[in-house]
Amino acid sequence: MRNGPARGRYSLLIRNGTLIDGTRAPRTQADVAVQDGRIAAIGRLEQARADTEIDASGKIVAPGFIDAHTHDDRLLLSAPEMAPKASQGVTTVVAGNCGVSLAPAPNGMSKPVTPPLDLLDADGGWFRFPTFAAYVEELRAHPAATNCALLVGHTSLRVQTMDNLERPASDTQIRRMRELADEALAAGAIGISTGLYYEPAAAAPTEEVIEVCRPLAQRNGLYCTHMRDEADRVLDSLEETFRIGRELGVPVVISHHKVVGTPNHGRSAETLPLIEARMREQRIGLDCYPYCASSTILSASRVGVASKVLVTWSTPHPQTAGMELSDIAASMGLTPEETIARLLPAGAIYFSMDEADVQRILAFASTMVGSDGLPHDAAPHPRLWGTFPRVLGHYARGLGLFPLETAVHKMTGLTAKTFGLAGRGVLREGYAADITVFDAGTVGEAATFARPIQPAKGIDTVIVNGAIIWRDGKATGARPGQVLAH
Ligand code: ZN
Ligand code: CU
């Protein structure tokens, strides 16, 4: 913090704001000056001048939010203004989660695209990057509004390498996947993700995952996982995740931590103490989205444990997007199972979590905020547009689950630290000028299950690498996003 008047001319100056710096420290009053994409000065800067000056009186000035869990691999290229994220104050997205990444696809992708890879592109044409380096090059040649940090997906590697996904990979296939993983990490991926829950990876034993992920240790990468089981066997899945991290000697991130299904309601009281205990021995992170409904591909097994199911898209029956599965079944005169078979390939929202678990997980000190938004669904889960303002508005201001400083930390400083994104996530001189200005009194989600595509309320100005990407409720057209590597 600089005291006394700092002179000089900057590219951007944010005056009179209330700073929440991302470290969980109490808020302070200060001006923020930006030059060359970085925070040049923080303090009382009355004498300073800038090409662009923003009056943030009465507003919070925070580090730009980092979305710890996204499927934005393709959105970064196909809708580079990144409206679902920029509108929430997000300045960096971690993409390539749940074992699903757009690259590498040396063999392309034939139709129908294997679920869950179809969540990135059901038509398959976007799987056009033979190497991870080619994908990173494209992102650098055509930058998005936000930054990104990328994971390479184990399921994507399996689909590219194996003819029969229903068994463990052979030694030759493991070697090939390991080469592809290493190429991705060398090209700028910060880690590897798995989706062991999903069919194309469910047959992979723990040993396969460990062997494919070997390059992580040397390349300073991390292991992120949509675990094998988030229901009855959630504790076994946690132990599997910890073992993978220990044997590789790398940090792990438990994706969208939750406990699914009525019989498991309340069991975050078991999972969180286990995570906390293991954290004393190894590096563990976790993220969470602030809703008690999940969303992924439509499948009979998930429908079975949900109290209500909404269809988010369907290739053969696109008109069913946004409808309840039971209503669709009634109108078709079919059983739920028959209806599912008719709708596939399709996506769905499942009401299958307990609100008390969501709050306990969200409030856990090491939990980061991640949207897990699905940007290409016709009627997406509202988390795509609503996650960050919902944590700030509903959970922090409304319910008082934690102070605003803690909420901001969970979407900035904690996330940058967990993913090793150096020089990001905190308002500090010399750090990248990724900044979000918002109104603490009005910030909140507008997206609902009925109307999921709506920009958040109370997000004032969003700045990435010193450039304003979102202002007055719309994208500015600036595309300063960078690919953040380790
Ligand atoms: Zn997932
Ligand atoms: Cu995901």
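A nonpolar core here is a set of buried Ala, Val, Leu, Ile, Met, Phe, Trp, Tyr and Cys residues joined through side-chain atoms within 4.5 Å. The model in the viewer is predicted.

**The cores.** Select F132, Y135, L150, Y223, I275, L392 and F438. In the largest nonpolar core, which has 104 residues, these touch the most other members. Now centre on I275. Apart from neighbours within four places in sequence, I275 contacts L238, F242, I254, H257, I284, L286 and F364.

**Helix 3.** Next, select F132, Y135, V136 and L139, the buried residues of helix 3. Look down the helix axis: these residues fall within an arc of 95°, so they line one face of helix 3. They pack against helix 1, strand 8 (147-153) and helix 5 (171-187). Turn to the face pointing away from the buried side to find E137 and A141, both exposed.

**The copper site.** Select ligand 2, the copper ion. Its protein donors are H69 (NE2), H71 (NE2), C98 (SG) and D372 (OD), at 2.1 to 2.3 Å. The angles between the 4 donor atoms run from 84 to 165°, which makes the arrangement irregular. Along the chain, the donors are spaced H-x1-H-x26-C-x273-D.

The zinc ion lies 3.0 Å from the copper ion (ligand 2), and C98 coordinates both. H71 sits in the loop between strand 6 (65-67) and helix 1 (75-78), and C98 in the loop between strand 7 (90-95) and helix 3 (132-141), so the pair ties together parts 27 residues apart in sequence. H71 and C98 are both buried.

Key. Residues numbered from 1 in each chain as written. Chains lettered and ligands numbered in written order. Predicted model: local features only at pLDDT ≥ 70, side-chain atom pairs only at ≥ 80, totals over all residues. Heavy atoms only, no water. Donors = N, O, S within 2.8 Å, 3.2 Å for Na, K, Ca; no water. Tetrahedral: all angles 85-135°; square planar, octahedral: opposite > 155°, others 65-115°. Helix = DSSP H or I, 4+ residues; strand = E, 2+ residues; numbered from the N terminus. Buried < 20%, exposed > 50% of the residue type's maximum accessible area, 1.4 Å probe, protein only. Contact = heavy atoms within 4.5 Å. Arc of directions from axis to C-beta.
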